[in-house]
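This report examines one protein model through its charged pairs, its nonpolar cores and a few selected residues. Please consult the sequence and the structure while reading.

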Amino acid sequence: MGSEEINTSEESRGHFKELMAIGLIASVLGVALGLLIDWFPTQASTQAETVDTLWDVLIIASVPVFVLVITVVLYCVWRYRMKPGEELKDGPPIHGNTRLEIIWTAVPAILLVALCSYSYVALTDIEEAKANELGIRVVGEQFTWTFYYKDASGKEFGSPQLYVPRDQPVHFTVQSLDVIHDFWVPAFRMKIDAVPGIDTELKITPKTNGEYPVICAELCGLGHAVMRQTAHVVDREEFDRWLRERAAGAAAGGGDEEGGGGAPDGKAIFTDAGCGGCHALADAGTDASTGPNLDENLAGKHAAYIEQSIVDPSARIAQGFADGIMPPNFGDTLQPAELDALVKYLAEVTK
Ligand code: CUA
């Protein structure tokens, strides 16, 4: 009897070592895999570095826990499964193990407190107020975003495009005109709900030039999935030029868009202003049905009709659609040259 107990104890110690070795190797592989996968888009803001590092730390802390639990379960199924003839055998009853209980309470507690503290520090860090923040008011509505800037004299004006200068701390004040939306630029790693009746805040400092999708991340109705626009991170000079031209309303008409020269691109405006969020248009590859299908509805229509439908959507309501759904402010947020280009483009692709 005595020698059998010693054998059993030595055997379980061997099994334990085997289990730990397998668990350790599997954890290292799991963490390596988690860190090797390229989870995120471009880091377009300084906040992105902090968020991505936090993610890596969470991978390193949580993958071993998951892998160890699974390893123990699978190892026990393999090593201690019931073999034929063992149906009536059962292991010795075990009551309480203070040391084990202290360990399995203390380890998760320490892990959770450490991760919560680190997350708190990271959040405080990325939400820190900076000097000379550029304020932009972001207004969501079914199914478009409008971005409000201030001109040199402090007068506010709206734009369907989001432009931010690189290395400039930006402070977004986010609002909604109807239901809850969610302002999200994955490349900035930050998102916040747009809630009717209250202002929510979001801070980022863009650090990489480029064009990044602006996405609505809260189910807000039929056009939700296509409530997408573009965030442009540009050099300071380009931003200043864009802002001046916007503020001036491009009084000259047909002026330079985005400093690139030439007339504005109607198709790009269709996409940028979020028209595809509600309207199907074959040429732009959109198939939303919240608003009238433009291929059918604008077929053979004159430019004047199309322009009125954009700037004064209540003037004529297509059969089967309700008044007040289409944002009535495109006449203000689009510049005359952009409106012209959009009308020309729609007339061209629907004729
Ligand atoms: Cu707006 Cu989803």
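In which helix do Asp240 and Arg236 lie, and how many residues apart are they? Both belong to helix α4, where they are four residues apart, about one turn of the helix. The model described here is predicted.

## Salt bridges

Asp240 and Arg236 form a salt bridge, with 3.6 Å between the closest N and O atoms. Asp240 is partly exposed, at a relative accessible area of 30%, and Arg236 is also partly exposed, at 34%. Over the whole structure, a search finds 12 salt bridges.

Another of these pairs is Lys207 with Glu49, whose closest N and O atoms are 2.9 Å apart. Lys207 has a relative accessible area of 26% and is partly exposed; Glu49, at 37%, counts as partly exposed.

A salt bridge also links Asp283 and Lys267, with the closest N and O atoms 3.8 Å apart. Since Asp283 lies in the loop between β11 (280-281) and β12 (286-287) and Lys267 in helix α5, the pair ties together parts that are 16 residues apart in sequence. Asp283 is partly exposed at 36%, as is Lys267 at 35%.

In soluble globular proteins, nonpolar side chains tend to be buried together. The largest nonpolar core in this model has 36 residues, of which Ile136, Trp145, Phe147, Tyr149, Leu162, Phe172 and Phe183 touch the most other members. Another core, of 18 residues, lies apart from it and includes Cys275, Ile306, Leu339 and Ala341.

## Cysteines

A search of the whole structure finds zero disulfides. Cys216 is buried, with a relative accessible area of 4%, whereas Cys76 is partly exposed, at 31%.

## Two further residues

His171 is part of strand β5 (residues 170-176). Its side chain makes a polar contact of 2.3 Å with the side chain of Glu201. Leaving aside residues up to four places away in sequence, His171 touches Glu133, Leu134, Gly135, Ile136, Glu201, Leu202 and Lys203.

Pro264 occupies the loop between α4 (236-247) and α5 (266-272). Pro264 is buried, with a relative accessible area of 10%. From C-alpha to C-alpha, Pro264 and Glu18 are 68 Å apart in space, and they are 246 residues apart in sequence.

Note on methods: Residues numbered from 1 in each chain as written. Predicted model: local features only at pLDDT ≥ 70, side-chain atom pairs only at ≥ 80, totals over all residues. Heavy atoms only, no water. Disulfide = S-S within 2.5 Å. Buried < 20%, exposed > 50% of the residue type's maximum accessible area, 1.4 Å probe, protein only. Core = buried A, V, L, I, M, F, W, Y, C linked by side-chain atoms within 4.5 Å. Helix = DSSP H or I, 4+ residues; strand = E, 2+ residues; numbered from the N terminus. Polar contact = N/O pair within 3.5 Å; in protein donor to acceptor, adjacent residues only side chain to side chain. Contact = heavy atoms within 4.5 Å. Salt bridge = Lys/Arg side-chain N within 4 Å of Asp/Glu carboxyl O.
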